[in-house]
Amino acid sequence: MKQIDKNTVKAENQLKDKHDVNFECEENTGLRVMMAGNSITLHEPSPGIGWHNQWGMAASAKEKDYVHVLKSHIQGVAPDATFCICQAYKWERDFANGKQAYPIYEAARDFNADIIVVRFIENCPRQDFDAEVFKREYVDFINYLNKSGNAKIILTTSFWEHTADPVVAEISKENGWPLVVINDLGELDEMKALGLFEHFGVANHPGDLGMKTIADRIFEEVKKLI
């Protein structure tokens, strides 16, 4: 079984309606950072699968998910930074018709980020995967979120190896957007929350060490832009 097939957390109902875009440190007026992701970024409580938290799956605490570890890193050098958390699973699960989801993310677009961390693709369907369609829609979605056209873009691979990873690498090269490779982490049991959750899919999400490693790798690129 491929590691990504162990992610049996469904690409649906990860957030309640209107919770797809969230903000932290809204009162700040400095660097504007958007983190666009999926369940690894934010998943609301789902008792049916044994997940009772409201942060990135499967960190043990909010401050230990990659979003908040990365946020802490950024605040260390840009204390007046403000943050947008954009949960993009609704785009992922039907990326071929991704533009239909754009209205959901209008508030993220209006955030006018200075830096956008693109930390999703795990939920993009792999069956009958069309690389050209994915490439077009992925770039279009990033450009939609980048309202001013001036944001610095940072891409990541999937946590588990995904069919789209080589396409994301190609997009990175063509656009000059740095790529943070994290798909090696999904191959390592110590990077997951194994043994901490009964649900197979939840437990195969990144645990605290996986989350910290994701955040640390992303910050290596972010700090070059601050």
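## What counts as a contact

Two residues are in contact when heavy atoms of theirs lie within 4.5 Å. Keep that in mind as we explore this predicted model. Isoleucine 218 touches Tyr66, Leu70, Val117, Arg119, Thr156 and Val180, leaving aside residues up to four places away in sequence.

## The nonpolar cores

Which residues touch the most other members of the largest nonpolar core? They are Trp51, Tyr66, Ile74, Phe159, Val202, Ile218 and Val222, out of 41 residues in that core. Two or more residues each come from strand 2 (32–37), helix 1 (66–77), strand 3 (82–87), strand 4 (115–118), helix 6 (200–203) and helix 7 (208–222). Helix 7 gives the largest share, six residues.

Apart from this core lies another one, with 36 residues, including Phe111, Phe129, Ala164 and Val168. As a general point, nonpolar side chains in soluble globular proteins tend to be buried together.

## Rings that pair up

The model has 17 aromatic pairs. In one of them, the rings of tryptophan 51 and phenylalanine 197 have centres 5.6 Å apart and planes at 50°, so this pair is tilted. The pair links distant parts of the chain, 146 residues apart: tryptophan 51 is in the loop between strand 2 and helix 1, while phenylalanine 197 is in the loop between strand 6 (179–180) and helix 6. Are tryptophan 51 and phenylalanine 197 buried or exposed? Both are buried.

Now look at phenylalanine 95 and phenylalanine 134. Their ring centres are 5.4 Å apart and their planes meet at 85°, so the pair is edge-to-face. Phenylalanine 95 sits in the loop between helix 2 (89–92) and helix 3 (106–110), and phenylalanine 134 in helix 4 (residues 131–145), so the pair ties together parts 39 residues apart in sequence. Both of these phenylalanines are buried, and they belong to one aromatic cluster whose members include Trp91, Tyr102 and Phe141.

A charged residue meets a ring too: arginine 32 lies over the face of phenylalanine 111, at 4.3 Å from the ring centre.

Why is strand 5 (residues 152–156) described as largely enclosed by the rest of the structure? Because four of its five residues are buried.

Strand 5 pairs with strand 4 in the parallel sense over four bridges, and isoleucine 116 stands opposite isoleucine 153 in strand 5. The chain goes from strand 4 through helix 4 to strand 5 in a right-handed β-α-β crossover.

Strand 5 also runs parallel to strand 6, joined by two bridges. Here threonine 156 stands opposite valine 180 in strand 6. From strand 5 the chain passes through helix 5 (residues 165–175) to strand 6, and this β-α-β crossover is right-handed.

How values were computed. Residues numbered from 1 in each chain as written. Predicted model: local features only at pLDDT ≥ 70, side-chain atom pairs only at ≥ 80, totals over all residues. Heavy atoms only, no water. Core = buried A, V, L, I, M, F, W, Y, C linked by side-chain atoms within 4.5 Å. Buried < 20%, exposed > 50% of the residue type's maximum accessible area, 1.4 Å probe, protein only. Phe/Tyr/Trp six-rings, centres within 6.5 Å; stacked < 30°, edge-to-face > 60°. Lys NZ or Arg CZ within 6 Å of the ring centre and 35° of its normal. Pairing = 2+ DSSP bridges. Right-handed = clockwise from strand over helix to strand, strands pointing away.
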